[in-house]
Amino acid sequence: MEKLLLKNADVPNINDIDVYMSHGGYLSLDKAFAMGSAEVLDMVKRSGLRGRGGAWFPAGMKWQFCVEVDRFPKYLIANADEGEPGTFKDRPFLEKDPHQLIEGMIVSAYAIGASGGYIYLRGEYPDAYRILNAAIDQAYKKGFLGKNIKGTDFSFDLAVHSGAGAYICGEASALIESLEGKRGQFRVRPPYMATHGAYAKPTVVNNVETLVNVSHIINKGAAWWSGIGSKDSPGTKVFGISGHLNKPGLYELPMGVPLRELIYEHGGGIRGGKNLKAVIPGGVSTSFLTPEHLDVNMDVKSLQEAGSAIGSGATMVLDEDTCIVHIVWRAMAFFAHESCGRCTPCREGTDWMMRTLARIDNGEGTMEDLDILKDVSHTIHNNCFCPLGEGAVMPVLSSLKYFRHEYEEHIKGKGCPKGLRARARH
Amino acid sequence: MVELSKETIQEIETAAAKYPDRNSALMPALWAAQRQFGYLSEEVLEAVALAVGVPKAKAQGIATYHTLYWKKPVGKNVLMLCTNVACTLMGAETMLEHLERKLGIREGGTTPDGKFTLMEVECIGSCGSGPAMVINETFYYELTESKIDEILAKY
């Protein structure tokens, strides 16, 4: 398949606006302005574009909610805070091809009626901070940003806001809190972001990869775009595949690509000719899959039916020699570190599970600990405001379902058969 | 009380102009202050809070909430090694042990000569090329023990 989003990622100096324009960049602006904002919105709705940050909410519907609110100014925010472990799919847009994001944001803001925009960028990408700012300056100089863009009455200002290392700020309302200078913690809805988002104004928060698709939809049409990928979730997806593969990396493929093809064709198969033990298909907050799931299609519905989720499309591959208990402990150490501390079940539960998992990994666990893990998981599930704790539960429950014998081995054998130890961080 | 430099104050004001509410300048202000002072001491937090126009407790709250704001002095070079799932699958834990041996410090510590601070961090978005680490603002990928030796020699 011909690449759509990553087509120009390796073109030298594509971060320069003139190079970007010589490759067809910024053409969607004229097209969108000629169509009018209502038609742009309609086109995105018809395309079936869904949010690629992990929730897969229909983008057009999200925009519609905001369009319907008759209060101004409105804001459009690009969520560039990818922090779900395993995820590195937005880096090409942030570090190499920034104008593709800016173009997508201008067209999206036009459809929504937003006059202000921010790119909430994770603090771990300092290069992207410089590259995005330079690209925004160039776009201002060309008259693509600022007042009366290309002679229309549409004005849009854009700036980068740098985070400082907090996974939770990738959640839309926490992101907005953080943008406003507060601790990034979840807001209870309603009111929804569409009516009371940034600075209590109507706001849309979209993932970077969602936004970069918009200009392609405008340029090539909704029907063409939705002809790619699967029916329930069309388009291409930048899959970030990592772990024990011969060729890990980013691969832009149609939605619905079979997991087997992703691993064995694009990923080059398992390193050292080993067998596959497990796959985490969408970042650490999605449930484990096993070799019996290899024929699942990588789309929203299929992965849900397989008992997991596509998440951000961050697929981690574990070979036969991997210790599942150790990996689940690692995942839980992450959640315990990143829990914002607001909801008790998540704050206490993730820490408790981390310590329980460490105990098992280090040979000090009991069979009762397995019940504790289940019990704490069910206490977190449905009892927290935001999805962080919900996500933390997934690797625990799914590993207990598929790999309970590994936990039992650790407990009965008083330690990790692979000799690994869970080490407390300072 | 410490004094913010002209450049830091300028950075704070430039940032503030980008938002409809001055409170939004707090994070950019903390970044700017960290660049000037190396880390965010109590005195620095007080100065930042004053410059932005927020209570000190708020500046403190933001500083302690985030991993990348240093709350205590760090070495000349800050080395952040990812030990999250994808990097651990690729051997990050062995790399951590090697770094600790090589630098003679435990994770979280700073070498006696003040040259390196070693931190174990969560995902740095380099999952396809792990194990990975960042020294200051430079990423290093597909680490091995010998590669780490070569990299450290450059600092």
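Two strands pair if DSSP finds at least two bridges between them, and strands (E, at least two residues) are DSSP runs numbered from the N terminus, as are helices (H or I, at least four). In this predicted model, local features need pLDDT of at least 70 and side-chain atom pairs count only at pLDDT 80 or more, while totals for chains, interfaces and linings use all residues. Residues are numbered from 1 along each chain as its sequence is written, and chains are lettered from A and ligands numbered from 1 in the order in which they are written.

**Sheet of chain B**
- Four strands of chain B form an open sheet with mixed pairing, in the order E2-E1-E3-E4.
- Its edge strands, each pairing on one side only, are E2 and E4 (138-140) of chain B.
- Direction ignored, neighbouring strands of this sheet are turned by 20° against each other on average, where axes are lines fitted to C-alpha atoms.

**Strand E1(B) and its partners**
- Strand E1 (residues 77-82) of chain B is largely enclosed by the rest of the structure, because five of its six residues are buried (20 or more other C-beta atoms within 10 Å of the residue's own, with C-beta atoms placed from the backbone).
- Six bridges join E1(B) to E2 (residues 116-121) of chain B in the parallel sense, with B:Leu79 opposite B:Leu118.
- With E3 (residues 133-135) of chain B, E1(B) pairs in the antiparallel sense over three bridges; here B:Ile135 is the bridge partner of B:Leu79.

**Pairing of E3(B) with E4(B)**
- E3(B) and E4(B) run antiparallel and are joined by three bridges.
- Opposite B:Met133 stands B:Tyr140 in E4(B).

Note on methods
A residue is buried if 20 or more other C-beta atoms lie within 10 Å of its own, exposed if 12 or fewer, and partly exposed in between; C-beta atoms are placed from the backbone. Axes are lines fitted to C-alpha atoms, for helices over the stretch in contact, and angles run from 0 to 180 degrees between N-to-C directions.
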